[in-house]
Amino acid sequence: MGLSDDVLRGIYSHRFDNPSAIQQRAMVPIVRGQDVIAQVQSGMGKISTFALASCQIVDTSRKDVQVLILSPTRDLASQTERVVLAIGSYRNVLAHACVGGKSMGEDIRKLEHGVNVVSGTPGRVLDMIKRRTLCTRAIKLLVLDEADEMLSRGFKDQIYDVYRFLPPELQVVLVSATFPTEILEMTGRFMTDPIRIVVKRDELMLEVSYVCRAGGVAC
Ligand SMILES: Nc1ncnc2c1ncn2[C@@H]1O[C@H](COP(=O)(O)OP(=O)(O)OP(=O)(O)O)[C@@H](O)[C@H]1O
């Protein structure tokens with residue numbers, strides 16, 4: 001996959017020996033900078049996929065925000081932050097979870113100090129952008145995790161508002177279990193020639209037994 005040694009060290013120290021189905025298919029296109037639509041359920045290693053790719057693509061010699069990951073819940077956004085920090089530990093990737101319900105002062109302090117990857121919920125992220133605390137100028141990758149769930153929780157307008165603040169030459173990765181019309185509209189609006197990856201249910205079963213053998217917690 002052409003991953004750097006320090007990202008590989010992060011992966012192995014996270015006890016991943018082999019890539020899961022989604023990781024096998026999505027990692028290389030994401031790292032190459034292509035837009036990717038992935039139809040995949042939870043528990044198949046999707047967070048790890050974009051966390052890994054983010055760790056590979058950020059330039060850690062700079063302290064600006066280069067990857068923005070939006071998730072539907074605070075828990076998911078915080079989980080993503082933890083995976084990025086764990087896998088990116090050998091590259092010194094700086095990540096921060098910008099989620100509602102946490103102190104704004106902490107967000108401001110972390111963002112001003114310098115962060116490479118922001119993982120957040122749409123409302124708080126938009127708030128930080130509007131306050132000019134979260135600078136979007138260097139963002140090159142936007143990940144929309146569980147996009148269908150974000151829409152069903154009423155985040156559509158906030159996602160479109162966040163998108164308006166991002167640079168035009170943006171790479172977008174959208175992950176969703178289902179593809180209702182609103183998601184298709186979003187892919188049409190935000191993405192250019194995206195690669196579509198579908199991980200089927202039977203692969204999910206293989207995946208679960210594989211994760212069990214690998215000592216993961218998905219089972
Ligand atoms: N390549 C891998 N090898 C071993 N374990 C893995 C691998 N990829 C992911 N896992 C483990 O599988 C579990 C699910 O992974 P991850 O959180 O990335 O997936 P997810 O699809 O986002 O699921 P969820 O929404 O349930 O967190 C985690 O415990 C993770 O550590």
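Reply: Angles under 35 degrees count as roughly parallel, over 145 as roughly antiparallel, 65 to 115 as roughly perpendicular and the rest as oblique. The model is a predicted one, in which local features need pLDDT of at least 70, side-chain atom pairs count only at pLDDT 80 or more, and totals for chains, interfaces and linings use all residues. Residues are numbered from 1 along each chain as its sequence is written.

Me: Why are α2 and α3 called roughly parallel to each other?

Reply: Helix α2 (residues 21–32) and helix α3 (residues 46–57) pack at an angle of about 30°. Angles run from 0 to 180 degrees between N-to-C directions, with axes fitted to C-alpha atoms, for helices over the stretch in contact. The value falls under 35 degrees, and α2 and α3 are therefore roughly parallel. Their axes are 9 Å apart.

Me: What makes the contact between α2 and α3, by residue?

Reply: Contact requires C-beta atoms, placed from the backbone, to lie within 7 Å. Among the residues involved are Ile22, Ala26 and Ile30 of α2 and Phe50, Leu52 and Ile57 of α3. By class, the contact has nine nonpolar, four polar and one charged residues; Ala, Val, Leu, Ile, Met, Phe, Trp, Tyr, Cys and Pro count as nonpolar, Asp, Glu, Lys and Arg as charged, and the others, Gly among them, as polar.

Me: What makes β3 and β7 edge strands of the sheet?

Reply: Seven strands form an open sheet in the order β3-β4-β2-β5-β6-β1-β7, with parallel pairing. Two strands pair if DSSP finds at least two bridges between them. β3 (95–98) and β7 (195–198) each have a single partner strand, so one side of each is left without a neighbour in the sheet.

Me: How do you know that strand β2 pairs with strand β5?

Reply: Four bridges join β2 (residues 67–70) to β5 (residues 141–144), and pairing asks for at least two. Helix α3 lies across β1, β2, β4 (117–120), β5 and β6, running at about 175° to β5.

Me: What is the predictor's confidence in the model, and where is the pLDDT below 50?

Reply: The protein averages a pLDDT of 90, and 91% of the residues score at least 70, on a per-residue confidence scale from 0 to 100. Over residues 204–219 the pLDDT is below 50. Where pLDDT is low, the predicted coordinates should not be read in detail. For the complex, the predictor gives an ipTM of 0.89 and a pTM of 0.90.

Technical notes: Helix = DSSP H or I, 4+ residues; strand = E, 2+ residues; numbered from the N terminus. Contact = placed C-beta atoms within 7 Å.
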